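This report describes the salt bridges and the strand arrangement of the structure shown below. It is written to be read beside the sequence and the coordinates.

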Amino acid sequence: MDNFIQTLAQANSIYIKQKFEVAEIFGFETRNRYQIQSEDGLQFGYCAEQKLGLGDAIMRQFLGHWRVFNIIGTDIHNQQVFRAHHPFRWFFQRIDVFGAGDRQVGSLQQRFAWFNKKFDFLDTRGNLIMSMTSPFWSIWTFPIKKLARDVAVIEKKWSGISKELFTDADNFRVRFSDSRLTADDKLLLLAGAIFIDILYFERKAS
């Protein structure tokens, strides 16, 4: 657990790579699963949508990611290091993020915007700490600001033609450009990449 937090805190960038699922080629929605890698390509964590049985699998097909679900993050020793909870929402999606020991870290809340993609990073009291605003024509780039200064950017990376055309498997890079970002800030930004995948690249969400 400490190695995960230390690696995240010291990283200049990380990669979140979604695992390819053969069933998605045939239109069957599967659990989201991601590898978390350092900038040199070494895996230091893993996260996956919690497996809850047949009923949850059926709900996934009909409600996609509007339904209630949890994503559990672990280190390479399979120790839980964070949890992201998604409550049921038809509109303005939200994810609540918890660290080790289920300590609340903050939340990500989608906001209304006419021509932009937008969501906020909130602290445990609901105060704004960072925000993401990206114009609709900027398809794969999501800049993050804190107090009007650029602090990070989340970028979707090309996953290969077969994955892009036939599955929901997406790859993201999170680049941290502000040395003042804390480990909790970076954990929220990691969750931000997953949130972007759910909001803008899952077929059921679109």
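In this predicted model, Asp-184 forms a salt bridge with Arg-103, and the closest N and O atoms of the two side chains are 3.0 Å apart. Asp-184 belongs to helix 4 and Arg-103 to the loop between strand 6 and strand 7, so the pair ties together parts that are 81 residues apart in sequence. Asp-184 has a relative accessibility of 28% and therefore counts as partly exposed. Arg-103 is likewise described as partly exposed, with a relative accessible area of 42%.

Side chains of opposite charge can pair when their charged atoms come close. The count for the model comes to 10 salt bridges. Three of them, including the pair just described, are listed here.

| Salt bridge | Closest N and O atoms |
|---|---|
| Asp-184 and Arg-103 | 3.0 Å |
| Asp-178 and Arg-149 | 2.7 Å |
| Arg-173 and Glu-155 | 2.9 Å |

The bridge between Asp-178 and Arg-149 links distant parts of the chain: Asp-178 is in the loop between strand 12 and helix 4, Arg-149 is in strand 11, and the two are 29 residues apart. Asp-178 counts as buried at 9% relative accessibility, whereas Arg-149, at 25%, counts as partly exposed.

Glu-155 has a relative accessible area of 13% and is buried, because buried means under 20%.

Strand 1 and strand 2 run antiparallel and are joined by 5 bridges; Gln-18 has Tyr-34 in strand 2 as its bridge partner. Strand 2 (residues 33–38) pairs in turn with strand 3 (residues 43–49), again in the antiparallel sense and over 5 bridges. Here Arg-33 has Ala-48 of strand 3 as its bridge partner, and Gln-37 stands opposite Gln-43 in strand 3. Strand 2 and strand 3 form a hairpin with 4 residues between them, and Gly-41 in the turn has a positive phi of about 90°.

Where is the place of Pro-87? Pro-87 is in the loop between strand 5 and strand 6. Is Pro-87 buried or exposed? Pro-87 has a relative accessible area of 17% and is therefore buried. The C-alpha atoms of Pro-87 and Phe-69 are separated by 6.8 Å, although these residues are 18 residues apart along the chain.

How values were computed. Residues are numbered from 1 along each chain as its sequence is written. This is a predicted model: local features need pLDDT of at least 70, side-chain atom pairs count only at pLDDT 80 or more; totals for chains, interfaces and linings use all residues. Side-chain values use heavy atoms; hydrogens and water are left out. Two strands pair if DSSP finds at least two bridges between them. Buried means under 20% relative accessible area, exposed over 50%, partly exposed in between (1.4 Å probe, protein chains only). A salt bridge is a side-chain nitrogen of Lys or Arg within 4 Å of a carboxyl oxygen of Asp or Glu.
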